[in-house]
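Dear colleague,

Please find below the sequence and the structure that I am handing over to you. My notes on what was found follow directly after them.

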Amino acid sequence: MSATPGDSLVTATWSAPEDAGDSPIQRYEVRALRNGVVAHTLEGTSTSLTLTGLTNGETYTLVVVAINAQGEGPASAPSEAVTPRVIPGAPREVTATPGDRSANVAWSPPEATDMPITGYTVTVRQGETVVATQASTELHAAVSGLINGTDYQVTVAAANAVVAGPESAPVAVTPVSVPGAPRLWVHNRTATALAFGWEPGDTGGSPITGYRLVLREGDSVVQTADTTETLHWFRNLSTGTPYRVVVIAINAQGEGAPAEFEAQRPCGLPGAPTTLMAAPGDGQLTLTWLAPVETGGCPLIGYRVEIMGVVGGASTRTETNTDTRFVATGLRNGVLYLLVVHSRNEAGMSDYSTQDQATPYPAPGMPGNFTATPGDGTVLLSWTEPPLNGGRISRYVVTVDPAVGETDTFYVSPNDLSRLMEGLVNGTTYTFTIRADNRAGQGPTATTQATPMAP
């Protein structure tokens, strides 16, 4: 048996029994049971009967019996529970008001029936695709998560406790909002002007019609401008004074969120650094210089250092630095390098630079044939020139242990290859060391010993 609900009715359909008994079936009786008690009955000769006068929203089960001349047969198995109901009509007067990535939907209820409306479902489609649904028990609902500037169709369907009705006719809506904040940058600057550029952010789904600009010095408004361009110069400003700019995009919905850039100063290019010096090292050059006197009206933010190999096939390197000292490592010993340093401020890099040339090399090698010849209260030290490794020796450094008086270190001219140590104590064994220094550093030490003796 099957049972199909309708408005205050249920239609029952079944198959005739296989065994009609000793005489033909004369009629059937359908019984509607509510909570196990017969609430309605209906007789008929066909295998489909419609029971009317039922209560919408109430749950029934149906059974049917066949009747012939001998009486009633057994009742059929009960049908599945079935609830008569009226299908609600479509909501009326549906409106959809656009919002920021949302739509506010409102409507009037459908024509009244004996089954009260229990809720509504708002459906949002983009073309044939459902993109959002929202349930509501009120006569309005807000649907979020939409895309500004996208066209949608909105329908509303009412439901009672049993069944939902048809959707309303679709209404169009396109979510929109005020624009988002533009993305700002400094396009250029001079000693008395600032230029700012920007690109629009989120349009809010509505074309941007213009921009409003405000330039402030502290809390004071210095200049304002309205433009449809995405680049603007503020002129006649004070060199070195910090200014803040605010840019607001505008569309048909109004002014959007402001974009504010960090304070910027009008300024010219700085002067060049001075007194560049390069001290060689093993595979490196240590550069020092003096900051420029003229900064262009803005604080210096650093320097650009260029290291260019003049000969020997070395490549060009560019480094940035914030100090007036820079160590360029990874260089090739014996290669002549041209060194160029530019100063930088917020306006850019200086037109002029300071320059120097230098060749990296390591510290010298160990002095050779280091010997000590004793005498009466003296020792004559002698040695041969060490490997120079590309640099000139600046001095030799001799140490003695124990010290001579209060002195244990002696400095020898790079042109000398011997040193007479005097004032020694006869019979005392002395240990002597020697090393060679150059601008790159200190070389390894050689060691010898001697004991001065009286003749």
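Glu 262 is exposed, with a relative accessible area of 58%; buried here means under 20% relative accessible area, exposed over 50%, and partly exposed in between, with a 1.4 Å probe and protein chains only. Glu 262 belongs to the loop between β22 (254–260) and β23 (274–281). Its C-alpha lies 9.2 Å from that of Pro 242, although 20 residues separate Glu 262 and Pro 242 in sequence.

This is a predicted model, in which local features need pLDDT of at least 70 and side-chain atom pairs count only at pLDDT 80 or more, while totals for chains, interfaces and linings use all residues. Residues are numbered from 1 along each chain as its sequence is written, and side-chain values use heavy atoms, with hydrogens and water left out.

As to the overall form, the protein has 38 strands and 0 helices. Both are DSSP runs numbered from the N terminus: helices are H or I with at least four residues, strands E with at least two. The radius of gyration is 50 Å, whereas a compact globule of 455 residues would have one near 23 Å; the value is taken over C-alpha atoms, and the globule rule is 2.2 Å times the number of residues to the power 0.38. The C-alpha trace spans about 165 × 65 × 40 Å along the principal axes. Of the 455 residues, 40% count as buried. Contact means heavy atoms within 4.5 Å; among contacts between residues at least 6 apart in sequence, 61% join residues at least 24 apart.

On charge, there are 24 positive and 42 negative side chains, and the centres of the two sets lie 9 Å apart. Lys and Arg count as positive and Asp and Glu as negative, without His and the chain ends; each charge is placed at NZ of Lys, CZ of Arg, CG of Asp or CD of Glu.

A search of the whole structure finds 9 aromatic pairs. The rings of Phe, Tyr and Trp (its six-membered ring) pair if their centres lie within 6.5 Å; planes under 30 degrees apart count as stacked, over 60 as edge-to-face and the rest as tilted. The pair of Trp 14 and Tyr 28 is edge-to-face because the ring centres are 5.3 Å apart and the planes stand at 65°. Trp 14 lies in the loop between β2 (9–13) and β3 (25–34) and Tyr 28 in strand β3, so the pair ties together parts that are 14 residues apart in sequence. Both Trp 14 and Tyr 28 are buried. Elsewhere, ring pairs link Phe 196, Phe 234 and Phe 261 into a cluster.

Gly 365, in the loop between β30 (354–358) and β31 (368–374), is buried, with a relative accessible area of 11%. Gly 365 and Gly 443 are 78 residues apart in sequence, yet 5.4 Å apart in space, C-alpha to C-alpha. Leaving aside residues up to four places away in sequence, Gly 365 touches Pro 386, Pro 387, Asn 389, Ala 436 and Pro 444.

Finally, some backbone details. Most residues other than glycine have a negative phi, and most peptide bonds are trans. Asp 401 and Pro 402 are joined by a cis peptide bond with omega of about 5°, and Pro 402 is found in strand β33 (residues 395–404). Asn 236 has a positive phi, near 60°, and is exposed, with a relative accessible area of 76%. Thr 275 in strand β23 also has a positive phi, of about 55°, and is partly exposed at 46% relative accessible area.

With kind regards
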